[in-house]
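Here are my notes on the model, as numbered points. Please read them with the coordinates open.

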Amino acid sequence: ENTDSVDPANLDAYSKKHFPLCMRHMHDVLRAEHHHKHQARLTYGLFLKGIGLLYEDAVRFWRDEFTKKMDSGKFEKSYLYNIKHQYGKVGRMLNYTPYSCMKIILTNVGPGEHHGCPFRNWDPNFIKQKLVEGGISNENANEIKELASGGHCQVACGKYFEYSHGKAAANGINHPNQYFEESVNLEKG
Ligand code: SF4
């Protein structure tokens, strides 16, 4: 896990540069819809904790988004506990760890939910469209789309890392937080 703390003001920029597609998608949906269902709050919340978002900043981050659509009383009542829980402040006081790719890939994603692996859950043409929008060439996006269609989600994600960073991740991709760390480290050089 990252030992540096992350400034929530940097999350928009970080998500574009350093987040894997699963996390970038949840970030974008949160910004657009000001809401997430339970599994996305958990999956994305634990990822953010893993990259170094401190508890107080996490509360502020989620509250700022959610209260664009609800009053703060409702947020406190229905959602604050969740965040406390993620940070081990209530319940069994466990220090929950962010989810691995395997766990995210194998999860069920229902209608209106966004917590899965895009390479497994999205329509292949939509994957391609998103990649091209993100600056990946047509040819490279096709290669990634084929890998995803063949069920090779993590390989597809690794290629996405490689094509968007100009360099492959050292040991493939097996965890969204590892993707983030490797991306940040490449930038630090
Ligand atoms: Fe996220 Fe892992 Fe899927 Fe990549 S392979 S998008 S890091 S769940």
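1. Start with alanine 168. Neighbours within four places in sequence set aside, its contacts are Gly158, Phe161 and Glu162. The model is predicted, so treat these contacts as computed from a prediction. Alanine 168 sits in the loop that runs between helix 11 (153-165) and helix 12.

2. One distance to check on screen is alanine 168 to histidine 152. The C-alpha atoms of these two residues are 16 Å apart, and the sequence separation is 16 residues.

3. Next, the ligand. Which residues come nearest to the ligand? They are Pro20, Cys22, Cys101, Cys117 and Cys157, out of 15 residues around the ligand. Two or more residues of the shell come from each of helix 2 (21-33), helix 7 (101-106), helix 8 (118-121), helix 11 and helix 12.

4. By class, 14 of its residues are nonpolar and one is polar.

5. Across the contact, 18 residues of domain 1 meet 16 residues of domain 2. On the domain 1 side, at least two residues each come from helix 1 (11-18), helix 2 and helix 3. That side of domain 1 counts ten nonpolar, six polar and two charged residues.

6. Last, a helix pair. Helix 3 (residues 38-51) packs with helix 12 (residues 176-188) at an angle of about 35°. Their axes are 10 Å apart. The crossing of helix 3 past helix 12 is right-handed.

7. Which residues make this helix contact? Helix 3 brings Phe47, Gly50 and Ile51. Helix 12 meets them with Pro176, Asn177 and Phe180. By class, the contact of helix 3 with helix 12 has four nonpolar and two polar residues, with no charged ones.

Methods. Residues numbered from 1 in each chain as written. Predicted model: local features only at pLDDT ≥ 70, side-chain atom pairs only at ≥ 80, totals over all residues. Axes fitted to C-alpha atoms, helices over the stretch in contact; angles between N-to-C directions. Helix = DSSP H or I, 4+ residues; strand = E, 2+ residues; numbered from the N terminus. Left-handed = near helix turned anticlockwise from the far one by under 90°. Contact = placed C-beta atoms within 7 Å. Nonpolar A, V, L, I, M, F, W, Y, C, P; charged D, E, K, R; others polar. Near = placed C-beta within 6 Å.
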